[in-house]
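Please look at the sequence and the structure shown here, and then work through the briefing below, which takes one topic at a time.

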Amino acid sequence: MTLEFSPEARQRAETIIRRYPPQYKKAAVIPLLHLAQEEWGYISAEAMAYVATLIEAPPVKVAEVATFYPMFNKEPIGKYEIQVCHTLPCALTGCGRIVKHLCEKLNIQVGQTTPDRRFTLKKVECLAACDRGPVMLVNKTLYTNLTLEQVDDILNGLE
Ligand code: FES
């Protein structure tokens, strides 16, 4: 069966595409990839091909965009995606300790997902809260000025 958006996502896709003049519908690629990731959790090769059909672009053009940006997951991730900033200002405030603690606590390495598919751990570039490091993003929630104890509390508070 060919991959397709749900009717609701399809409607949102059409709204996104309508924002652009017909000759520039390819410009909708990034918002459509975000929508695809929201819909399926990650961007498979099949999803890239599907987005390509929506904007009438060669699949390779969509693949180029999807593989360039690290925010697009190319494989399934855990229920909770933990992203720890490791750019210099956060490095100076001890993000390394946070990452090490998370690795030990979750028993995985950076870039891995726990076997129960609850957590995926990533190191990422600046999360735009440089004056409040160390910083981590858990799905869409940003946590700042982190301590190891706060990390434990955050993990314990997740269902
Ligand atoms: S350097 Fe970490 S949020 Fe900007």
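Helix α2 (residues 29-40) and helix α3 (residues 45-54) have axes that come within 10 Å and cross at roughly 135°, where axes are lines fitted to C-alpha atoms, for helices over the stretch in contact, and angles run from 0 to 180 degrees between N-to-C directions. This is a predicted model, in which local features need pLDDT of at least 70 and side-chain atom pairs count only at pLDDT 80 or more, while totals for chains, interfaces and linings use all residues. Residues are numbered from 1 along each chain as its sequence is written. Helices (H or I, at least four residues) and strands (E, at least two) are DSSP runs, numbered from the N terminus.

**Helix α2 against α3**

- On the α2 side V29, L32, L33, A36 and W40 meet A47, V51 and L54 of α3, two residues being in contact if their C-beta atoms, placed from the backbone, lie within 7 Å.
- The residues of this contact of α2 with α3 divide into 8 nonpolar, no polar and no charged, where Ala, Val, Leu, Ile, Met, Phe, Trp, Tyr, Cys and Pro count as nonpolar, Asp, Glu, Lys and Arg as charged, and the others, Gly among them, as polar.

**Helix α2 against α4**

- With helix α4 (residues 59-68), α2 packs at an angle of about 70°, and the two axes are 11 Å apart.
- That angle makes α2 roughly perpendicular to α4.
- V29, I30 and L33 in α2 meet V62, V65 and A66 in α4, and the residues of this contact divide into 6 nonpolar, no polar and no charged.

**The sheet**

- An open sheet is formed by 4 strands in the order β2-β1-β3-β4, with mixed pairing, where two strands pair if DSSP finds at least two bridges between them.
- The edge strands, each pairing on one side only, are β2 (119-124) and β4 (141-143).
- Strand β1 (residues 80-85) pairs with β2 in the parallel sense over 6 bridges, and Q83 has K122 in β2 as its bridge partner.
- Helix α6 (residues 95-106) packs on the sheet, where α6 touches β1, β2 and β3 (136-138), and its direction makes about 155° with that of β1.

**Domains**

- The domain assignment of the chain gives domain 1 (7-68) and domain 2 (80-156), with bounds that come from an automatic or database domain assignment.
- The centres of domain 1 and domain 2, taken over C-alpha atoms, are separated by 29 Å.

Note on methods: Angles under 35 degrees count as roughly parallel, over 145 as roughly antiparallel, 65 to 115 as roughly perpendicular and the rest as oblique.
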